[in-house]
Amino acid sequence: MKVPFLELKPTYLELKEELDAAYHRVMDSGWYLLGKELEAFEAEFAAYCGVQHCVGVGNGLEALHLVLRAFGIGAGDEVVVPSNTFIATWLAVSYAGATPVPVEPDPRTYNLDPARLEAALSPRTKAILPVHLYGQPADMDQIVALARQHGLKVIEDNAQAQGARYRGRTTGGLADAAGNSFYPGKNLGAFGDAGAVTTNDPELAAKVRALRNYGSSRKYYNDDQGFNSRLDELQAAFLRVKLRKLDEWNHRRRDVAHSYLTALEGLEGLTLPFVPAWAEPVWHLFVIRHPRRDALQTALAEAGIGTLIHYPVPPHRSGAYAASGFPPNAFPLATTLADTVLSLPVGPHLSPAQLDAIVAALRGLGAGNGVA
């Protein structure tokens, strides 16, 4: 059996009638930017995250970037970021003109380690930017408490965790603001690039609304040097349809993850995800670790199982940050994770037969073919 890592077409087929109706509704309206569909989605997604304000923008990177800009964070400032994350987290800080200051992850959860934060702070630090990596919330209470002691902003990178819960509270509403991505492969994915800022801060929301639209809150009157980063009407309409399905799809992902955790427990060489008691992840990714990851990935591919590596190059080792002067061994935990992690299929449309095939392949590979 061939099992692709991710299939996006089934999300359309499951909701075809509603998505097609949304498409025709927008096209028939004759209004394609900053209209009623966006206003409705912003209200609905704000309510979903338990916040007062949502501002739709072009993508997740720009959501983080515009929040930093709106908070006045820029040249000469520092923002604490995880050493282990997709590079967009760092890029948002760099685009704002500030400097990303990496902190290593908790070796069990792979999220930003609160115990390491204070040592990274300096008089130039203005914010902490934790990531809810792979769909599992970071330990926000500890992070926010430390930030409040030092007068810092906290901005969630919620790109991978729509619907996740931390101590009963939904991510995207746990800090001063959050940046969300609706890239097609996300749990709440558009049919193109899209993103949003969520916050309870009305001044921040107003500032981001202006910045996303050339720095203008009134047509042709530009108070700031803004950007063009608007979530369009068509994607907003699609996201409204998919938002109503998000909890069900996340539940399906949890079922797949539970099956993996049960069936793969104790398999030689394999490190399974760790979930703290206070976390309710949405399993954007199901990430295992193996000391011979590349050999395991090759063997799974030969068995017809698609996998991906999230992420093979930590930001400090990328060409984008070569000029920052980080030694190759500066962040050993991030490097170790990059060398050992492997993502298994976990989408909401993974069939029981496909799941069985993945588990059988992994258990077979651990039974003595040289990978274990």
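These are my notebook entries on one protein chain, read from a predicted model.

**Entry 1: the whole chain**

I started with the overall build. I counted twelve helices and 14 strands in the protein chain. Next I looked up its extent. The C-alpha trace spans about 70 × 55 × 35 Å along its principal axes. I then checked the radius of gyration. A compact globule of 372 residues would have a value near 21 Å, and the chain has 21 Å, so the two agree.

How much of the chain is buried? I found that 56% of the 372 residues count as buried. Residues 24 or more positions apart account for 69% of them.

I noted 34 positive and 39 negative side chains. The centres of these two sets lie 2 Å apart.

**Entry 2: helix 8**

I moved on to helix 8, residues 233-243. This helix is mostly covered, with ten of its eleven residues buried. I listed some of the buried ones. Among them are Glu 233, Phe 238, Arg 240, Lys 242 and Leu 243.

What do the buried residues of helix 8 pack against? I found four partners listed: helix 1 (9-14), helix 2 (16-29), helix 3 (36-49) and helix 9 (246-263).

I also checked the N-terminal end of helix 8, which Asp 232 caps. A side-chain oxygen of Asp 232 lies 2.9 Å from the backbone nitrogen of Leu 234.

**Entry 3: helix 4**

Helix 4 covers residues 60-70. I found eight of its eleven residues buried, so I wrote it down as mostly covered. The buried set includes Gly 60, His 65, Val 67 and Ala 70.

I looked at both ends. At the start of helix 4, a side-chain oxygen of Asn 59 reaches to within 3.1 Å of the backbone nitrogen of Leu 61. Just after the helix, Gly 72 takes a positive phi of about 75 degrees.

**Entry 4: Thr 89**

I found Thr 89 in helix 5, residues 88-95. Is Thr 89 buried or exposed? Its relative accessibility is 1%, so it counts as buried. Its side chain makes a polar contact of 2.8 Å with the side chain of Asp 157. I then left aside neighbours within four places in sequence. Thr 89 is in contact with Leu 64, Val 81, Pro 82, Leu 129, Val 131 and Asp 157.

**Entry 5: His 316**

I located His 316 in the loop between helix 10 (293-302) and helix 11 (332-340). His 316 is buried, because its relative accessible area is 4% and the cut-off is under 20%. I set aside neighbours within four places in sequence again. The contacts of His 316 include Trp 90, Tyr 321, Phe 326, Phe 331 and Thr 335. I also took one distance. His 316 and Pro 107 are 209 residues apart in sequence and 18 Å apart in space, C-alpha to C-alpha.

**Entry 6: Glu 302**

I finished with Glu 302, which lies in helix 10. Its relative accessibility is 65%, so Glu 302 counts as exposed. From Glu 302 to Arg 292 I noted ten residues in sequence and 16 Å in space, C-alpha to C-alpha.

Conventions: Residues numbered from 1 in each chain as written. Predicted model: local features only at pLDDT ≥ 70, side-chain atom pairs only at ≥ 80, totals over all residues. Heavy atoms only, no water. Buried < 20%, exposed > 50% of the residue type's maximum accessible area, 1.4 Å probe, protein only. Helix = DSSP H or I, 4+ residues; strand = E, 2+ residues; numbered from the N terminus. Contact = heavy atoms within 4.5 Å. Polar contact = N/O pair within 3.5 Å; in protein donor to acceptor, adjacent residues only side chain to side chain. Rg over C-alpha atoms; globule rule 2.2 N^0.38 Å. Lys, Arg positive; Asp, Glu negative; His and termini not counted. Charge placed at Lys NZ, Arg CZ, Asp CG, Glu CD.
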